[in-house]
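Colleague: I am new to this structure and should be grateful for a close look at one part of it. Please begin with a single residue and then widen the view to its surroundings.

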Amino acid sequence: MTILDVRDLNVVYRANGREIEAVRDLSFTVEKGDSMAVVGESGSGKTTLAVAIMGLLPSQAIVRSGQILLEGQDLVTMPESERRKIRWKKVAMVFQASQNALDPVKKVGSQLVELYLYHNRGAKKEEALDRVAKALLTVNLSQSIMNMYPHELSGGMKQRAVIAASLLLEPDVLLADEPTTALDVVTQAEILLLIKRIVSERGLTLLFITHDISLVASLCNRIMVMYGGTDMESGPMRDVLLSPTHPYTQRLMEVLKGLEEGRLTLEQLREDQGRGCPFLSRCRFAESRCAEGLPKRRSLGNREVRCLVRGEG
Ligand SMILES: Nc1ncnc2c1ncn2[C@@H]1O[C@H](COP(=O)(O)OP(=O)(O)OP(=O)(O)O)[C@@H](O)[C@H]1O
Ligand SMILES: [Mg+2]
């Protein structure tokens with residue numbers, strides 16, 4: 001069953017009198033229980049996508065067109081009063097750099113209890129305490145951290161606490177935006193294992209956002225590769241890793257193999273915008289027709305690929 005269906009989504013930011021197209025004609029679907037990796041380099045629109053799904057875009061951003069269907073209901077046109085009932089309860093998010101989201105002057109326990117009570121008006125404090133204790137248990141944190149301040153926790157513990165917070169209202173879909181980036185490799189691996197276990201125990205649907213394809217190879221069963229705000233290639237993880245079809249995915253795999261370090265500056269990315277395929281200037285297969293517009297998505301076997309040249313097989 002399709003739980004999330006994003007169709008032709010366009011999100012722009014208005015900044016300094018100009019518009020930045022952060023998400024362009026992006027389309028993908030996620031089946032219930034899937035773990036989908038959203039992979040792309042800095043500035044490719046990953047966070048904008050996730051925040052748009054949460055309905056928490058800043059005021060300078062607008063969803064220009066498209067749909068975000070959650071179990072068939074369009075979140076884009078849904079009134080905020082309805083959306084509030086869904087946010088955190090059906091779809092929750094672990095924000096990028098969210099270790100810093102904990103309030104430094106409040107104990108971890110009371111922050112989580114407040115969060116629970118805020119979203120469950122009328123709930124009793126005992127119920128909230130019980131739910132917080134369970135959520136902490138899920139992320140392998142002992143109850144004693146409830147009486148600790150954020151600065152008393154290690155980076156990994158803080159990230160666990162933030163994950164516990166995202167699970168408090170028992171969402172069906174979890175959006176995790178670079179949840180391991182600031183951590184050392186050992187802690188990173190622990191958090192990945194933790195997420196993997198929670199996803200399987202709860203039957204969660206996961207969108208795991210990262211710039212590091214190697215991180216998600218074994219965590220996720222599906223992958224969407226983003227570039228310039230749009231979906232370049234999406235399909236089953238194993239198949240995309242074994243036979244990347246889009247030139248950009250191929251390039252990512254080369255980077256992974258250590259052949260080449262390829263990072264794009266935001267300035268380069270912006271230059272590319274509006275000139276046909278976003279990957280045009282770096283693509284070794286590029287032809288003049290690639291400059292004519294954003295290539296349409298095509299089905300190639302079990303893959304959706306946005307490429308004119310490769311699309312011809
Ligand atoms: N608040 C904002 N105002 C203006 N432009 C923004 C804002 N947030 C993001 N952008 C721009 O939108 C584009 C996509 O940014 P986004 O943060 O979604 O990318 P990302 O893939 O999450 O990058 P990263 O890997 O660095 O987190 C970028 O060009 C970025 O500069
Ligand atoms: Mg981001």
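Leaving aside its neighbours within four places in sequence, with which residues is Val23 in contact?

Modeller: The model is a predicted one, in which local features need pLDDT of at least 70 and side-chain atom pairs count only at pLDDT 80 or more, while totals for chains, interfaces and linings use all residues. Residues are numbered from 1 along each chain as its sequence is written, and chains are lettered from A and ligands numbered from 1 in the order in which they are written.

Val23 belongs to strand E2; helices (H or I, at least four residues) and strands (E, at least two) are DSSP runs numbered from the N terminus. Apart from residues within four places in sequence, Val23 is in contact with Leu9, Asn10, Val11, Gly45, Thr48, Leu49, Ala52 and Gly229, contact being C-beta atoms, placed from the backbone, within 7 Å of each other. Val23 counts as buried because 26 other C-beta atoms lie within 10 Å. The classes are buried for 20 or more such atoms, exposed for 12 or fewer, and partly exposed in between, again with C-beta atoms placed from the backbone.

Tyr13, Ala22, Ser42, Thr47 and Thr48 come nearest among the 17 residues around ligand 1; a residue is near a molecule or strand if its C-beta atom, placed from the backbone, lies within 6 Å of it. Strand E1 (2-15), strand E2 (18-31) and helix H1 (46-54) each give at least two residues to this shell, and H1 gives the most, with 3 residues. By type, the shell around ligand 1 holds 6 nonpolar, 10 polar and 1 charged. In this scheme Ala, Val, Leu, Ile, Met, Phe, Trp, Tyr, Cys and Pro are nonpolar, Asp, Glu, Lys and Arg are charged, and the others, Gly among them, are polar.

The loop between E1 and E2 contains Asn16. Its phi is near 50°, a positive value in a residue other than glycine. Asn16 counts as exposed because it has 5 C-beta neighbours inside 10 Å.

Elsewhere in the chain, Val23 and Glu114 are 91 residues apart in sequence and 34 Å apart in space, C-alpha to C-alpha. The crossing of H3 and H4 is right-handed; the near helix is turned from the far one by less than a right angle, anticlockwise for left-handed and clockwise for right-handed. From H3, Gly109, Leu112, Val113, Tyr116 and Leu117 meet Lys125, Ala128, Leu129, Arg131, Val132 and Ala135 of H4. The residues of this contact comprise 8 nonpolar, 1 polar and 2 charged.

The 12 residues of H3 should span 16 Å at 1.5 Å a residue, and the 17 Å between its end C-alpha atoms agrees with this; the expected span is 1.5 Å times one less than the number of residues. Buried residues of H3 include Val108, Gln111 and Leu115, and the buried residues of this helix pack against H4 and H5.

Helix H5 (residues 155-167) has 13 residues and reaches 19 Å from its first C-alpha to its last, close to the expected 18 Å. H5 is mostly covered, with 12 of its 13 residues buried. Its cover includes strand E6 (91-94), H3, H4, strand E7 (173-177) and helix H6 (185-202).

Some loops complete the picture. Asn147 lies between H4 and H5 and touches Lys107 and Gly109, residues up to four places away in sequence not being counted. Asn147 is exposed, as 11 other C-beta atoms lie within 10 Å. Pro104 is in the loop between E6 and H3 and, beyond its neighbours within four places in sequence, is in contact with Tyr149, Pro150 and His151. Pro104 also counts as exposed, with 8 C-beta neighbours inside 10 Å. Glu178, in the loop between E7 and H6, has phi near 45°, a positive value in a residue other than glycine. Glu178 counts as buried because it has 20 C-beta neighbours inside 10 Å.

Note on methods: Two residues are in contact if their C-beta atoms, placed from the backbone, lie within 7 Å.
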